[in-house]
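Please look through the sequence and the structure below before reading on. The paragraphs after them are meant for someone meeting this structure for the first time.

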Amino acid sequence: MTRTPILPWLVAACSVMVALMLEPRVGVAQTASQPTSLDAAKKQMERGQELYMQQKYEEAAAAFAAAYTIQPYGAFLYNEGVCHQKIGNNDKALAIFRKYLAADPGAPDAEQVRHRIQRLEQATQPLDADAGPVDADSPSSIVEEAGPDLMKSLVMIESEPPSAPVSVYYRTVPSASPFQYGQDNPGWQRVATGQTPFHASLQLGRYHIVLEPFADFQKSETDIDVAEGHVHQFKANLQQGEFLAFLRVTTPMPGARIYVDDPPPHKKPPWGRTPHEGLIGVGDHTIWIVKNGFETASRAFSVKHGEEREELVELIRGSKGTLHISGNASPIHVSVDGIPVGTFHPNSAITIELPAGKHEITATADDRKDLVGQVDVPRGQVVPIDLVMVPTTPRGAAWTQAIVSAVFVGGGIALKVQSDIVYDDIHTAKTNGSLTESDERYTKGKIYAYGSAACFGVGGTLALLSTYNFIKDPTPSSAIRVGVPHDYPDSDTAPPRLSAPRSPAPAGKTAPRTTSPVAPPALAIVPSYPWQGVGLMLQGRF
Amino acid sequence: MFRQALPLLLITTCTSCSWWSRFDDLKDHPPVVEMENPGGIVGFGTTMATVTTEVGTHLLVLGEPNVSPKGATYRITNDTPATTPNASGFCPTGRCLFGSTPAALQTMLIDGQPHEACFLLGVGDRDDTLGLLGHCSDGLDFVLPVPGRDEAHPTVKSPRDVIAEDLALQSLDKLLIGDFKIAASKDDVPLIAAATRHLGAAWFYAPATTVPILLSPVAAPGLPLEDPFLTFGDTFGSEVAVVKLSEGGYLLAIASPHGIGNDTQGRVWLYRIVEGKVVHDGPHPDVPAPMSCLPGFRHNFGIHMRSGKLFEGSSEQLFISDGVTISIYDADDLAKYPPSVDCSGAPLGSTGFITGVNCVETASVSGCSRITNEFGRALAIADVNGDGSKELVIGVPTLDVDGTNTAGAALVYHVDPEGKQTRLLETRIISSRDSGDGLGSSVAAMRIGSRDVVVAGAPGLGSFFIFFCSTTGGAGHDSSRCE
């Protein structure tokens, strides 16, 4: 689409030079609207100028002060200061000029005003009291050449739309050629820049005002002659390209990518992200609204020249969601609904797209308790889950106790058998009538019996202890820590479907964090069961 | 958890308690009671003898023959005997040689006074009298004089000389030469016989007398003493036994187990004594001579001899051992039908022989093949099972028991006189056996209740044991110690 430039100044609403002579205290009540107060200020400004020309400096100063009260523009202060200087009220003049600099330190004539203040300060020195009034006619700048007693004018520049960049150029050489935008323009000097609405205190002279091009708006420029002690107000309706229309696209969920006349797969960068507005060419258009986790929406419409069109597009979340699986062990073999989906490593979280709804997660890891849990996958969102694989309770002590118990029980059985054999022998001897009281087998059999009882006692105790240690499990089960579901990250790419485990990061590179990015910081004291023993471990995640 | 474990723990504890407490139960009233050495008696239990009276059984136990002049007597009346002896010592002078064959005397008339339950312990000097030393249960110690030198042959040594020499040698710790043997009949007033192979001398004391009557060597008046070694054998007097005959009188057996000269077969010479006199004269009138000779046809025949009443009936039996086999003879038959006059060829067994007994091994007892000369040395007759019939108890100290060498055992045989068969009923061993115990060096029988219990000495252990129970015991016959 081509855009044809139109008139730079649609409306020069006013190139008004108004000289208002206002009473010093007038305009206090001008609060209904800005134009009203500005008008009042203008009147005071013009009245002050008139009184100044009549050399009624004191009344003129009052008028300028009243104007400043209505609208606090620096030009009013400057003119008031000059009036005070005229009547020799240098202290008052100094205060006014200092206030002027304080109110607008970046004023185009700030340097000149500082120079004037220096001279006034010298004039007010006690030693120089006899030197008479300070000669104000020694300008060192263009402004000063115009005479220190000239009243400044207020130049106000507005635009539609606002925020247009403004540059103000002053013709320093009266014979200079007319200003040419984009040229060197000798004899012209830029004295002020800003954005509309813009105002500046300018002295008498020829100026060229340029509203620089911005957005789809073309530049606008004009020459103005600033008279002494006036308020100059300009307003420019900036003109856009020719045959354009205005389109605004909004969605309930911001950040959706907008593709204009670029069907999938989209080959151009998106026109913008919702909410977005801008000019488009007239005619038929189709837009595609794309946001991860939502169904892609499209609209077809036609716009005319100058039409402002707004499209509010409802986005429907997709029927699938994404699980972002991380864990605290390596590796963790993960299955979803009984189907293996991958192995988690510290540097390779698993991301899997699943139909929305409840899914059973099964995870296993070496020396960790098996995990079985359920996760509700939301529609069109990413839910991070952290597989908290709790280490299995070490059974080394239990096994040791069981083995020692078995040894003792076996020893007890052996000793019991030996005791029984001895007993049977003795009993047989007694039955046979050969048993004597001094038979050493009494002691032998008793020792066996004591030994077997001791072994059974120790073995039984160890067996109980072993059983207890086999059964006891002080640590919690492995569990799933479900994070807060969130939308897909804003990116120009499609949402991830399944991220296969990646190889470990090369040496020297920082491995990504293994826990869920949404998992809150946590600090916990958990039991620890290394093979050396049992203890407590301070565990934190930040 | 602990509530559940507590019963198990209690059960285990109680069960464990029973594991060892049951041994205490077994130890209560063991069937065999050990009677320990009262002290200082070397080889205590080597020999023993018993006398049964109305008040109980008197048991004499001696130590090693000719070594320890000490002994102990016990009175045992029930199955809980006192382990301390009633009396011990018996040799205050120290000049005593207690022999290997103490004799039990039911009653002994001393100076016309009867004394019950007496024993002849051996030889020695008491009150300056050399003779057979005796002790009665009433505390009486007495001496039976032995024959002195014949006035007609004053140069020939007599048994008294031998005792004197032995006592002298004993004081010098020299080898003894005596080895006196003593035997007595089982009747109330017994006939006592004695012999010593050193001289080939044998003599006896008629019942109710203390005067020795010499059987050998003897000579007719005016003639030199005959040499018994030439007549009866080189070891005449090695063993002596007395058997009472049912028709009256006694049969006195004196063994010569090593033969005569080159003829090494053992012989047993039998003298018949009636009313204190030898009824058979020799070639010379009034010179006692054996009525017959019992040839053994094997060496050592007669090395051990015992007498007793094993079978029902009035006749006693004579047990003659050659160290390996015991031959049982009927005394009456031997008296009626003398086998031989001079052992010159009459066949053995044709007269009086009932049966023979050999060592029998069992699963626990072995070593019969190693027996050379001790089988039959310890012999007793007892009704161990209370069935009214007697069994033969033979102590064999050299037997191995359950692999324990020379632990020794007492073998109990049933002997059937009709079928002339012998059968081992049981063996008596001790559970606390140890190598070298030598159980069975001596055996005896004691009447307790309706049955006899076996007593066996174990000199290797220095004690003797009373076996109160029998595996063949019938109901009502076992003591409280028997299960």
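This is a predicted model: local features need pLDDT of at least 70, side-chain atom pairs count only at pLDDT 80 or more; totals for chains, interfaces and linings use all residues.

Chain A has a mean pLDDT of 78, and 78% of its residues reach 70 or more. Within chain A, confidence is lowest in strand β1 (residues 16-18), where the mean is 32, and highest in strand β20 (residues 357-365), where it is 95. Residues 1-34 of chain A stay under 50 throughout, although the model gives this stretch 87 contacts beyond four places in sequence. A further stretch of chain A, residues 127-147, also has pLDDT below 50, and the model shows 26 contacts for it beyond near neighbours in sequence.

Helix α2 of chain A, residues 57-70, can be described in some detail. Its 14 residues reach 20 Å from the first C-alpha to the last, close to the 20 Å expected at 1.5 Å a residue. The helix α2(A) is mostly covered, with 11 of its 14 residues buried; among them are A:Tyr57, A:Phe64, A:Tyr68 and A:Ile70, together with alanines such as A:Ala60 and A:Ala67.

Turning to chain B, the reader will find four helices and 31 strands. Of the 483 residues in chain B, 54% are buried, and residues 24 or more positions apart account for 55% of the contacts in this chain that have a separation of 6 or more.

Strands of a sheet pair through backbone hydrogen bonds, either parallel or antiparallel. Here four strands of chain B form an open sheet in the order β2-β3-β4-β5, with antiparallel pairing, and β2 (47-53) and β5 (87-88) of chain B are the edge strands, each pairing on one side only. Between strand β3 (residues 56-62) and strand β4 (residues 71-76) of chain B, which run antiparallel, there are six bridges, and B:His58 stands opposite B:Arg75 in β4(B).

Lastly, the two chains meet in a contact that takes 30 residues from chain A and 27 residues from chain B. On the side of chain A that touches chain B, α7 (396-432) and α8 (441-471) of chain A each supply at least two residues, and α8(A) gives the most, with 13 residues. The residues on this side of chain A divide into 11 nonpolar, 12 polar and seven charged.

Terms used. Residues are numbered from 1 along each chain as its sequence is written. Chains are lettered from A and ligands numbered from 1 in the order in which they are written. Two residues are in contact if their C-beta atoms, placed from the backbone, lie within 7 Å. Ala, Val, Leu, Ile, Met, Phe, Trp, Tyr, Cys and Pro count as nonpolar, Asp, Glu, Lys and Arg as charged, and the others, Gly among them, as polar. The expected span of a helix is 1.5 Å times one less than its number of residues. A residue is buried if 20 or more other C-beta atoms lie within 10 Å of its own, exposed if 12 or fewer, and partly exposed in between; C-beta atoms are placed from the backbone. Two strands pair if DSSP finds at least two bridges between them. pLDDT is the predictor's confidence in each residue, from 0 to 100.
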